[in-house]
Amino acid sequence: CAKLDVRVAVSQAAREFVDSYFPAAYDIVPNGIQLEQFHVDADPLPQFMDGRRNILFVGRFNEPRKGFRYLVRAMPQIRGQFPEARLIVVGQGNAARYERFLEQHGITDVVFAGFVDSETLPRYYASADVFVAPSTGRESFGLILLEGMASGVPIVSTTIPGYSAVIRNGIDGVLVEPKDAQALAMGIVRVLADADLRQRLVASGLQHVKQFSWAVVAEELLTLYQRAIEQHQAGPSRRSWPVEIAGRRG
């Protein structure tokens with residue numbers, strides 16, 4: 001780490017994590033998103049356009065830190081207010097481990113879509129009335145939150161540091177405490193019940209996400225690389241790597 005001219009983290013959470021192992025000064029430059037891929041003009045999937053409320057989850061749902069089990073536990077309370085609500089799950093995992101709970105609570109409208117390719121994924125966002133990211137921690141950056149915002153979907157997420165760096169609570173989305181199924185249900189019900197709130201969240205999110213476009217992020221990174229080159233050339237001759245980026249996802 002001492003051989004680096006510039007050090008970059010994608011968020012404050014990522015900076016604090018890497019700094020605990022390699023103490024140093026870090027610039028923060030966020031991950032980027034391809035706005036050409038995720039946008040409001042994607043075509044919804046016709047099988048979900050039947051007037052029901054669609055709740056979307058995207059991720060490896062068997063991975064504990066993704067918090068999917070809390071969303072499953074929230075569904076009975078959500079269905080109490082919106083009996084027609086449907087949960088759509090995009091991502092790989094073992095759905096069988098949740099079937100007993102869902103059956104016991106009479107929740108039959110859960111679609112496990114499995115792996116979805118990058119061309120089809122924007123259509124799932126376009127089909128959603130609310131996008132939910134109930135992660136419990138260990139997320140350096142909320143890239144999926146950017147996908148939801150860019151797609152024009154209101155978001156309910158958790159207050160973990162990596163997500164709070166992306167979502168401004170009550171402005172770009174609704175944040176709730178992690179590992180709290182009741183709070184998660186209340187946040188989702190609030191968004192589904194309030195059309196004005198949904199409109200405000202979507203409008204703000206579409207503006208907010210622009211600063212995370214790769215066109216903007218790439219300029220920031222190029223500036224840092226230029227600084228690294230100048231510092232490297234001005235310093236003593238030594239073998240080094242110009243830039244290290246912690247938490248970067250392409």
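Start by selecting V58 and V90: V58 sits opposite V90, a residue of β4. The model you have open is predicted, so local features need pLDDT of at least 70 and side-chain atom pairs count only at pLDDT 80 or more, while totals for chains, interfaces and linings use all residues. Residues are numbered from 1 along each chain as its sequence is written, and side-chain values use heavy atoms, with hydrogens and water left out.

**The sheet**

Now widen the selection to β3 and β4, which run parallel and are joined by 5 bridges. Strands here are DSSP runs of E, at least two residues long, and helices are runs of H or I, at least four residues long, each numbered from the N terminus. Two strands count as paired if DSSP finds at least two bridges between them.

Color β3 by side chain direction. N54, L56 and V58 point one way, I55 and F57 point the other way, and all are buried (under 20% relative accessible area with a 1.4 Å probe, protein chains only; exposed is over 50%, partly exposed in between). Because 5 of the 5 residues of β3 are buried, the strand is largely enclosed by the rest of the structure.

Next, step from β4 (residues 86-90) to β5: 4 bridges join these parallel strands. Pick I88 and you will find its bridge partner in β5, V111.

Zoom out to see the open sheet of 6 strands, with parallel pairing and the order β5-β4-β3-β6-β7-β8. At the edges stand β5 (110-114) and β8 (174-176); each has a single partner strand, so one side of each is left without a neighbour in the sheet. From one strand to the next, the twist averages 20°.

**Helices to select**

Show helix α7 (residues 181-193), which lies across β3 (54-58), β6 (130-133), β7 (155-158) and β8, running at about 165° to β8. Axes are lines fitted to C-alpha atoms, for helices over the stretch in contact, and angles run from 0 to 180 degrees between N-to-C directions.

Keep α2 (residues 68-81) and bring in α3 (residues 96-104): they pack at an angle of about 15°, with their axes 10 Å apart. These two helices are therefore roughly parallel to each other. The contact is made by F68, R69, V72, R73 and P76 of α2 with Y98, F101 and L102 of α3.

Return to α7 and select α8 too: the axes come within 5 Å and cross at roughly 95°, which makes α7 roughly perpendicular to α8. R190, V191, L192 and A193 in α7 meet A195, L197, R198 and L201 in α8.

**Last stop: H208**

Is H208 buried or exposed? This residue of α8 (residues 195-208) is buried, with a relative accessible area of 9%. A polar atom of the H208 side chain lies 2.9 Å from the backbone oxygen of V166. Leaving out residues up to four places away in sequence, H208 touches M149, V166, R168 and D172.

Technical notes
Contact means heavy atoms within 4.5 Å. A polar contact is a pair of N or O atoms within 3.5 Å; within protein, one must be able to donate a hydrogen and the other to accept it, and residues adjacent in sequence count only if both atoms are side-chain atoms. Angles under 35 degrees count as roughly parallel, over 145 as roughly antiparallel, 65 to 115 as roughly perpendicular and the rest as oblique.
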